[in-house]
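Look through the sequence and the structure shown here.

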There are 2 protein chains.
Amino acid sequence: MPLSPSFPELAALDLYASVVEHGSLGAAARAHGIAQPSASSRIKNLERQLGVQLLERSPTGSKPTPVGIVVAGWADAILRAAGELEAGLTALKAEEQGRLRIAASYTIAEYLLPNWLGRFLTDHPEDTVSLDVENSTAVLRGLEAGEADLGFIESPIDVPEMDETVVATDRLVTVVSPTHGWTRTPKITLAELAATPLVMREEGSGTRDALVEAIRDAGHGEPTSVLELGSTSAVRSAVITGNAPTVISRLAVADDLAAGRLVEVEVAGLEIERDLRAVWLRSHPLPRPAADLLRSLGA
Amino acid sequence: MPLSPSFPELAALDLYASVVEHGSLGAAARAHGIAQPSASSRIKNLERQLGVQLLERSPTGSKPTPVGIVVAGWADAILRAAGELEAGLTALKAEEQGRLRIAASYTIAEYLLPNWLGRFLTDHPEDTVSLDVENSTAVLRGLEAGEADLGFIESPIDVPEMDETVVATDRLVTVVSPTHGWTRTPKITLAELAATPLVMREEGSGTRDALVEAIRDAGHGEPTSVLELGSTSAVRSAVITGNAPTVISRLAVADDLAAGRLVEVEVAGLEIERDLRAVWLRSHPLPRPAADLLRSLGA
DNA sequence: TGAAGGTCATAGCTCTGGACTATGAGTTCA
DNA sequence: TGAACTCATAGTCCAGAGCTATGACCTTCA
């Protein structure tokens, strides 16, 4: 569902955040490299679009109104998400040219790398990072071919000439919307899960394969799907607004769980964990930026 | 720090998300009520701004490229945050006119209510909600004066004529950036925390008071601050980019913890929990929309 | 095979809206 | 009292995004 057509633009929210931070329209204008009257009119326009007054203007500066404070918090969340896109994209765009060349699988690239890179680039402004998103085998191939310095993958490797270290853990979790009956049950059995139609990814997805295998190994046959969707975020949305459970990467729903949009359900006997690993060629000493990045991950 | 000046606008990201969802530019254009060539040029412009090709166009439709898939995920996170602002603001704007009138404290209004309301309004499109953001005493006063049907507060109440139910729990957590030494220590003592300069809110903030009290009660004197900031999000940012710990509401940093931008540190003997409660006047039967909302929270 | 119904891109026109400069009014402070 | 801030208004200008019309390409089906 598209946003309302009169929803303010990112540039306006960004400017507003700066006004709150600096305490004046003029200072925010300077920070954004625009003229003060432009800032003034942009904020006025923002208030018109949102339909509320955000600022108390005075000859000594501008302070957010009570409503403005709440809006500033929400705007901050949007801008943070935008900052991640920017950080991630910078690396994606750098392609082969970065000083630190990373190859990573989808899940890691989407949910973890933008943060890691953002932090890394703040600490090491002189470095540049390039990112390639591929599946695990392609990541390993890229390392062997010398096209990447550091790889991030989701499965254990079996390659003697590579070193590895675990940098994070992912787990498949069973989640439902907060109104679902399972939120009031202490623990679901694997048989119950297997008997319940789920929202699922299409066939061939790694997540789906792992779940099917776990249920089959436990002797409960095949899980059935009530809906099959082509992307993780489509599955998320369907579960939030619908009434069917799904089994999904915890990374993909971490913020939904934190915010209460989704609730995790414990399933007895279902424990699908995977370590997320950094890998690199043992024969080459780890380049300095790569070692710095690993260190900043606490690895 | 402002976003890059050529950062794409929300409208463009929103349109792109629709293209990925519908599989064609024309269909997305229809969903947004614009002409197909406008969508075409907007997406082309988006690709120019981001500097990457997002779509594989063909006479049968458009599919995201590998890069496009990753970008779609990031864009989705931005749009979700924008949706929350929209949901929250709709209620704020409704002021006194909503059928369900809510009064809530800042923390709940900022971090929880947009979700709750978004879900509630999806399930009950015929209802309207108005929201007032105030401190706890004002919330109770609003209920007594009949200006609100349902209140949300962070402290226990002591008013016999009110009913209440716990809808969520907040906890003050000690957090540091992932590079901080404490991430490698099993457990910090309260004395250590008290002896370490912290990033803090200004004096008078509820969070700060609770912490000071806990440390004083344990006989460790007064905590010191290395930096005092006026808003929760400013504290968050300072801890993420800096090297000092803070003690902060878990709700405010839930996504940072999930994404690894911040790490929680356990402090022996520091356990500051508060139940977040819905409250209402016992004398009035809870209006139907209010009861619906509480039910959708699982309360 | 050819017409119908999809896809997307290009061309050319229109006009809105945001940016700028210049100015003025209000407040604080030395 | 004047300098140095604050913000708002007025007037001008032009880039950019929207629209319609059209054409090329592909698939489907009678």
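Arg261(B) sits in the loop between helix H11 (250–259) and strand E11 (263–265) of chain B. Helices (H or I, at least four residues) and strands (E, at least two) are DSSP runs, numbered from the N terminus. The model is a predicted one, in which local features need pLDDT of at least 70 and side-chain atom pairs count only at pLDDT 80 or more, while totals for chains, interfaces and linings use all residues. Residues are numbered from 1 along each chain as its sequence is written, chains are lettered from A and ligands numbered from 1 in the order in which they are written, and side-chain values use heavy atoms, with hydrogens and water left out.

Is Arg261(B) buried or exposed? Arg261(B) has a relative accessible area of 12%, so it is buried. Buried means under 20% relative accessible area, exposed over 50%, and partly exposed in between (1.4 Å probe, protein chains only). Contact means heavy atoms within 4.5 Å. Apart from its neighbours within four places in sequence, Arg261(B) is in contact with residues of chain A, including Glu84(A), Asn115(A) and Arg119(A). Its contacts in chain B include Ser177(B), Pro178(B), Arg236(B) and Ile240(B).

Two of these neighbours can be described through polar contacts. A polar contact is a pair of N or O atoms within 3.5 Å; within protein, one must be able to donate a hydrogen and the other to accept it, and residues adjacent in sequence count only if both atoms are side-chain atoms. The side chains of Arg261(B) and Asp256(B) are joined by a polar contact of 2.6 Å, and those of Arg261(B) and Glu84(A) by one of 2.4 Å. Glu84(A) and Arg261(B) also form a salt bridge, that is, a side-chain nitrogen of Lys or Arg within 4 Å of a carboxyl oxygen of Asp or Glu.

Now turn to chain A, where Asp256(A) lies in helix H11. With a relative accessible area of 0%, Asp256(A) is buried. Its side chain has a polar contact of 2.6 Å with the side chain of Arg236(A) and another of 2.6 Å with that of Arg261(A). Not counting residues up to four places away in sequence, Asp256(A) also touches Ile240(A), Leu262(A) and, from chain B, Arg80(B).

The next topic is the contact between the two chains. It takes 61 residues from chain A and 60 residues from chain B. The area buried between them is about 5,400 Å², of which carbon and sulfur atoms give 65%. Buried area is the accessible area (1.4 Å probe) that two parts lose on being put together, summed over both. In chain A, the residues that lose the most area to chain B are Leu3(A), Trp74(A) and Leu85(A), together 14% of what that side buries.

Between chain A and chain B there are 6 salt bridges and 16 residue pairs in polar contact, both residues being at pLDDT 80 or more. Several helices of chain A each supply at least two residues of the side that touches chain B, among them helix H1 (10–22), helix H4 (66–94) and helix H11 (250–259). The largest share of that side, 23 residues, comes from H4(A). By class, the side has 35 nonpolar, 12 polar and 14 charged residues. Here Ala, Val, Leu, Ile, Met, Phe, Trp, Tyr, Cys and Pro count as nonpolar, Asp, Glu, Lys and Arg as charged, and the others, Gly among them, as polar.

A residue is near a strand if one of its heavy atoms lies within 4 Å of it. DNA strand C is surrounded by 22 residues, the closest being Ser38(A), Arg42(A), Ser40(B), Arg57(B) and Pro59(B). Of the atoms of DNA strand C that come within 4 Å of the protein, sugar and phosphate account for 71%.

A polar side-chain atom of Ser40(A) is 2.4 Å from a phosphate oxygen of DNA strand D, while one of Gln36(A) is 3.1 Å from a base nitrogen of DNA strand D.
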